[in-house]
Amino acid sequence: MRSFSKTSILLCLFFLLVFITAYALEEDIKPKNIRVISLTGSSISFEWEPATDDSVKGYQLYKYDIQNTESNPILTIDGKSSTSCSYDFAEHLFDDNNTLYLKIGSINTNNMYISGSMSDLFTIITDSCSAVPSTNEVMVGDTVQYAVYFKNLHDAISASFTLDYDPLVVQPVDTSGSPISPGDLFANGLTVVNWDAENGSILFSISQQENIQPYNGDGILGYIDFKALNEGEPNIQLSNTKYVSAVDGDIHQLAYHYLIPSQQQFSIIPQPNTIAVNVAAKLQYKNALDGIKIIVTNANNEIVTISDMVVENLVQVTLLPGTYTLKATAPGHLDLAKTNITIDETSAQIDLGTLIAGDANNDNQIDEQDLAILRNEYLNKVSTTDSDFNGDGIVDLIDLTILGINYHKTGN
Ligand SMILES: [Ca+2]
Ligand SMILES: [Ca+2]
């Protein structure tokens, strides 16, 4: 078998060297590992490792026209050793699809583009991502929910964002160990949450898992519930919003899309002053106040306060302005309620009226069951019995008369 000659081996090595050198040279005129390090509603910042070739005297940021495949410089960065730049967006740069394509290349001493030094595309999309609160004004102590929307996604398989806030004004509600609960977008995804509670910053990242289906359209990436701690502006800032797409649906080719974020704010106002209201009610045949309770419920049917009447058929309740139901209840009597009572600064006294006697078993209706109790206790001198409707210490004909007068009445 004939071996290779020394000459042919040297020739091979020579060409390999030329190839490596040419490749290395071409790489050296490019800024390397360019990445987006910050994206806000108004600017984007890049960082990279510098080119090494002596012909490089700086870099340029280019707007790429995808229709005409032209690159036009929009920012010049002086100095080969420069490793970052920041660019403030101008509205008119975005195309009809709200998209701006950027590239970064190297320039020579004449500020001319050095052929072959252009980076890959950076795709920036506006009007496609926002943080929206459930309400634009709350009182101290209340909770507001923010939904983070990502819109017009193309073949998306993962996404992330940063949400900053003023930790002195609001505090995320920690739901099962995380300040963020996933929305419908990648609902069962793998999540990474970096929460800096002290400085008020949450980085949320989520990716689909297993049988990945590239997603197209709109969705909510996550919800954050904020508790309003103090009066003021929470200063919510959405940033670093991006998603990874599978290029043409192929999950072996991944590309970033950067979304220009926007957010709506809400204001926190102080709790209004409470209002003291006198509530009056009386019993039909008793002068005593024994056992009247005033129950106040709010518009959500939640009990706000229960007060015992202790002074002169009056009780004072302290309420925030709003709409309430006030109910008086007492043993041996039907309930008496007034609904849709508006409490405001002009509310001083509310008279609920007279509670009807005769409900010995307190089921809010006067019927044969009450008559049965009265029969059983007739002529008993027991002051605690509920069938002593006039409270004179004996169950007798007067109480039977009262039962008769109110028979078949029901409370409310
Ligand atoms: Ca009854
Ligand atoms: Ca009696």
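In which order do the 3 strands of the open sheet that includes β1 stand, and is their pairing parallel or antiparallel? The order is β1-β2-β5, and the pairing is antiparallel; the legends below begin with the whole chain and then return to this sheet.

Figure 1. Residues are numbered from 1 along each chain as its sequence is written, and chains are lettered from A and ligands numbered from 1 in the order in which they are written. The chain holds 3 helices and 28 strands (DSSP runs numbered from the N terminus, H or I of at least four residues for helices and E of at least two for strands). Its radius of gyration, taken over C-alpha atoms, is 38 Å, well over the 22 Å that the globule rule gives for 412 residues, so the chain is more spread out than a compact globule; the rule is 2.2 Å times the number of residues to the power 0.38. Along the principal axes, the C-alpha atoms fill a box of roughly 135 × 60 × 35 Å. An automatic or database domain assignment divides the chain into domain 1 (28–125), domain 2 (129–239 + 261–269) and domain 3 (275–406), and the C-alpha centres of domain 1 and domain 3 lie 78 Å apart.

**Figure 2. Confidence along the chain.** The mean pLDDT (the predictor's confidence in each residue, from 0 to 100) is 90 for the chain, and 92% of the residues reach 70 or more. Where pLDDT is low, the predicted coordinates should not be read in detail.

**Figure 3. The sheet β1-β2-β5.** In this open sheet of 3 antiparallel strands, two strands count as paired if DSSP finds at least two bridges between them. β1 (32–39) and β5 (84–88) stand at the edges, each with a single partner strand, so one side of each is left without a neighbour in the sheet. Strands β1 and β2 (residues 43–49) are joined by 5 bridges, and R35 has E47 in β2 as its bridge partner.

**Figure 4. Strand β7 with β6 and β17.** Strand β6 (residues 99–107) runs antiparallel to β7 (residues 122–125), to which 4 bridges join it, with L102 opposite F122. With strand β17 (residues 254–259), β7 pairs in the parallel sense over 2 bridges, and here I124 stands opposite Y258.

**Figure 5. The mixed sheet β23-β20-β27.** The 3 strands of this open sheet follow the order β23-β20-β27, and their pairing is mixed. β23 (314–319) and β27 (349–355) are the edge strands, each with a single partner, so one side of each is left without a neighbour in the sheet. Strand β20 (residues 275–283) runs parallel to β27, with 6 bridges joining the two, and L283 has L355 in β27 as its bridge partner.

Figure 6. V395 lies in the loop between α2 (368–377) and α3 (397–406). The residue is buried, with 25 other C-beta atoms within 10 Å, where buried means 20 or more such atoms within 10 Å, exposed 12 or fewer, and partly exposed in between, with C-beta atoms placed from the backbone. V395 and N380 are 15 residues apart in sequence and 5.7 Å apart in space, C-alpha to C-alpha.

Key:
This is a predicted model: local features need pLDDT of at least 70, side-chain atom pairs count only at pLDDT 80 or more; totals for chains, interfaces and linings use all residues.
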